[in-house]
Amino acid sequence: MKSRPSILGVALAAAALAAVSILVNVQPAAAAVGLHISGRNIVEANGQNFIMRGVNHPHIWFTNQTSSFANIKALGANTVRVVLGSGKRWGPSTDVAAVITMCKQNRLICVLEVHDTTGFGEDGAAASLDEAVTYWISQKAALVGQENYVVINIGNEPIGNNNAAQWTAATTAAIQRMRTNGFEHLLMVDAPNWGQDWQFTMRDNAQTILNADTRRNTVLSIHMYAVFNTAASITDYLNRFQTAGWPLVIGEFGWRFNTGEVDHETILSEAQARGLGYLGWSWSGNTDPILDMATSFNPSQLTTWGQRIFNGTNGIRATAREASVYNCPTCSPSPSPSVSPSPRPSPSPSVSPSPSPSPSGGTRSCTATYTRIGQWPSGFQGEIKVTAGSQNITGWRVTWTWANGQAITQVWGANAPQTGASVTATNVNYNGTINAGQNITFGFLASWNNSTNTNPTPTCTAS
């Protein structure tokens, strides 16, 4: 499904890069409404940094593949970029509310994008950015109130290689029209040149675009394919955004399946070193299947690319951190009756509360419930819900002991050092207080010894 337009050589791009000066980003901080920009970072409403680690899912062409949301999450992602259609070329996508619900049920940040704009000006069938905004306005009822969970990527690769300079005015107008119509979401804007910005229109006009947003809540997105086939081309481009302090994500990229393709190893390492979000293309369903991560949408049949981005060095499993909004008991999403929740194993009932003295002289207690979310040959994902008893608590601790050589490799929403087989998890600064009868959750990834073909659920004790 991914367009593969013609491009100029990287040498030409590198020469042009050296000749352009950079303006300093002076945009003020955004008001804390859901996900927003602070400096060059994406942060949540509580001020905690959020770094996207995820993949693109071609939903508009495969609307029946709803299990993909759970499968992408089970492999460690914290974000999914969902392909939608405005009706100009594909769709229209009228299931935006259901898509958002599936993202929330699987604890994913949802980047929604209109794909019809791809290559406008070069592809005669493409929609304009203005037409994309009209679509977003038509879906406003499903989007308002979802600012903690949803990023609106106004239009995918909105200008081709013909007259890329039109991108600046078109993008400015699209952002301003979104704000005039009351959208407070974090907005994402893709570069021209089929997303690859080889003429550097986005890079050279970035400050103009950021200043156009009255909410100061826009992130720029570069798509990295064959233009970025050397480490030098990647690092130079990223350096200029970092020096200027401009917010940037790598909204799409592929992998080096031959010597002329994108240097994905450099992208992954540089993104991790710089704290940049990345979203690989794509989960499955490509007309060019070399770009599929999962064969026929099957998570147990990961391709070379899928294994690399999920399980490799600087990949998703090693670096993703779940959005903290999913550890907020007052922010929990309400399931939509029209969408069935993704199946999860039943939690273990074998949990023992451990009371501790309270300042008032009574007792305070909490319980912990352990759920295994997903499992694969070398590891698994777990989630633990901590529920307060009859009194508020202002700090909690959960302990358990593994039975089969399991070892935590990543944790979010808790501090969880492991000594031998024993794990002691304690709250972090934003989720230590739990009101009576309320709960929070934290999660982790862990390795396990599958040679014994068993991964038993441990007993958790909370206090």
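Strands here are DSSP runs of E with at least two residues, helices are runs of H or I with at least four, and both are numbered from the N terminus. Residues are numbered from 1 along each chain as its sequence is written, and side-chain values use heavy atoms, with hydrogens and water left out. Because the model is predicted, local features need pLDDT of at least 70 and side-chain atom pairs count only at pLDDT 80 or more, while totals for chains, interfaces and linings use all residues.

Strands β3 (residues 53–57) and β10 (residues 277–280) run parallel and are joined by three bridges; two strands count as paired if DSSP finds at least two bridges between them. Eight strands make up the closed barrel, in the order β3-β4-β5-β6-β7-β8-β9-β10, with parallel pairing. From one strand to the next, the twist averages 25°. Helix α10 (residues 264–274) packs on this sheet, touching β3, β8 (218–224), β9 (248–253) and β10, and its direction makes about 155° with that of β9. Contact means heavy atoms within 4.5 Å; axes are lines fitted to C-alpha atoms, for helices over the stretch in contact, and angles run from 0 to 180 degrees between N-to-C directions. Helix α11 (residues 304–311) also packs on the sheet, touching β3, β9 and β10, at about 160° to the direction of β10.

What about the interior? In soluble globular proteins, nonpolar side chains tend to be buried together. A nonpolar core is a set of buried Ala, Val, Leu, Ile, Met, Phe, Trp, Tyr and Cys residues joined through side-chain atoms within 4.5 Å, where buried means under 20% relative accessible area, exposed over 50%, and partly exposed in between (1.4 Å probe, protein chains only). The largest core has 96 residues, and the members touching the most others are Leu112, Trp136, Ile154, Leu220, Met224 and Trp283. Most residues other than glycine have a negative phi, and most peptide bonds are trans. The peptide bond from Gly91 to Pro92, however, is cis, with omega near 15°, and Pro92 lies in the loop between β4 (79–84) and α3 (96–105). A cis bond also joins Trp281 and Ser282, with omega about -15°; Ser282 belongs to the loop between β10 and α11. That loop between β10 and α11 holds Phe297 too, a residue with a positive phi of about 65° although it is not a glycine. Phe297 is buried, with a relative accessible area of 7%. Arg107, in the loop between α3 and β5 (109–114), has a positive phi near 60° and is buried, with a relative accessible area of 10%.

Finally, strand β19 (residues 422–426) has a covered face, Val423 and Ala425, and an uncovered one, Ser422, Thr424 and Thr426. Strand β16 (residues 397–401) runs antiparallel to β19 and is joined to it by five bridges, with Thr401 opposite Ser422. Strand β18 (residues 418–419) is antiparallel to β19 as well, through two bridges, and Thr419 stands opposite Ser422. β18 and β19 form a hairpin with two residues between them, and Gly420 in the turn has a positive phi of about 60°.
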